[in-house]
Amino acid sequence: EEIKRANPNVDIWLPGEGTKIILPKKFILPDAPRKGLVLNIAEYRMYYYPEVEKNQSDIVITYPISIGRIDWETPLGKTKVISKQKNPSWYPPVSIRAERAAAGGFLPNIVPPGPDNPLGDFAIRLDIPGYLIHGTNKPNGIGMRVTHGCVRMLPQNIETLYSMISVDNDVYIVNQPIKLGWDSGELLIEAHEILKDSLIDDELIDRNSNQMKAKILSYIFSELTERYIGITKNNKVRLDWDMALQVSLRAEGLPIAIGSTKIDSSELQGFNGT
């Protein structure tokens with residue numbers, strides 16, 4: 001999904017021989033504590049900050065994830081890891097068993113470890129009742145809204161994270177479709193599609209309608225203003241708001257320069273939100 005968004009003009013089925021493809025390999029860190037685990041559901045990605053020895057450089061490790069569907073949202077806020085389990089059994093809640101039954105299927109009360117277990121081989125339980133970070137037996141769904149609220153990872157990634165993360169590690173779950181960051185005096189923006197439930201709960205409203213477009217613009221301006229104020233407290237910078245808006249609307253997930261500290265303070269321009 002990240003590659004598709006970064007290459008909007010390339011046919012994913014017939015890209016054509018010799019077509020150059022952009023691989024998104026550079027990320028702006030979310031606006032959250034840089035410790036423990038940070039999950040940014042808006043970009044379907046997590047960031048893990050392992051503890052390092054004194055005088056060693058900080059490290060961040062990032063993995064793609066799947067998140068909850070619109071009707072099974074992944075909750076936001078601070079939590080922590082309360083347990084870890086290898087080869088977990090799955091105990092489907094009544095709501096999921098009822099959903100499967102309504103579709104003509106059947107789920108037992110317990111799904112034992114094995115290839116049919118949707119939790120995969122590793123599970124990390126959060127201090128939010130019923131919510132896990134776990135592997136999957138359907139890796140093609142990573143990077144999509146396909147879960148019942150839990151966070152899925154690729155099998156090889158959850159195995160690595162499982163070996164590193166500890167019980168009681170802090171976990172921060174945020175929803176930040178727009179991120180700002182610094183790189184050698186340049187202010188960068190990285191924008192992702194806004195999750196529909198962040199805008200409006202009424203599924204009957206057409207995403208392409210004027211009403212929805214107005215809500216999207218309002219949300220983007222609000223996010224941009226909040227991120228801009230937060231990141232420029234100690235830096236004078238002129239921000240290209242037109243560029244920032246266009247990048248936010250395209251939502252291609254690539255860091256783009258939209259400002260610089262290398263200016264005279266008399267050149268600073270304000271933003272009136274219109």
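**Close-up views of a predicted model**

**View 1. Arg152 lies in strand β9, which spans residues 151-152.** Strands (E, at least two residues) and helices (H or I, at least four) are DSSP runs numbered from the N terminus. The model is predicted: local features need pLDDT of at least 70 and side-chain atom pairs count only at pLDDT 80 or more, while totals for chains, interfaces and linings use all residues. Residues are numbered from 1 along each chain as its sequence is written, and side-chain values use heavy atoms, with hydrogens and water left out. Arg152 counts as buried because its relative accessibility is 16% (buried is under 20% relative accessible area, exposed over 50%, partly exposed in between; 1.4 Å probe, protein chains only). Not counting residues up to four places away in sequence, Arg152 touches Pro64, Ile65, Ser66, His134, Gly135, Thr136, Ile142, Val146 and Thr147 (contact: heavy atoms within 4.5 Å).

**View 2. Leu161 is part of helix α3, residues 155-164.** The relative accessible area of Leu161 is 0%, so this residue is buried. Apart from neighbours within four places in sequence, its contacts are Leu37, Met46, Tyr48, Tyr63, Ile124 and Met153. Phe122 is 39 residues from Leu161 in sequence, with a C-alpha to C-alpha distance of 9.6 Å.

**View 3. Glu2, Arg5, Pro24, Phe27, His192, Glu252 and Gly253 line the largest cavity.** A cavity is a set of points, on a 1 Å grid over the protein atoms alone, where a 1.4 Å probe fits but cannot get out; lining residues have an atom within 4 Å of a point. The lining comprises three charged (Asp, Glu, Lys, Arg), two nonpolar (Ala, Val, Leu, Ile, Met, Phe, Trp, Tyr, Cys, Pro) and two polar residues (the others, Gly among them).

Methods. On a 1 Å grid over the protein atoms alone, a cavity is a set of points where a 1.4 Å probe fits but cannot get out, and a pocket is an open set with protein on both sides within 12 Å along at least five of seven lines; lining residues have an atom within 4 Å of a point.
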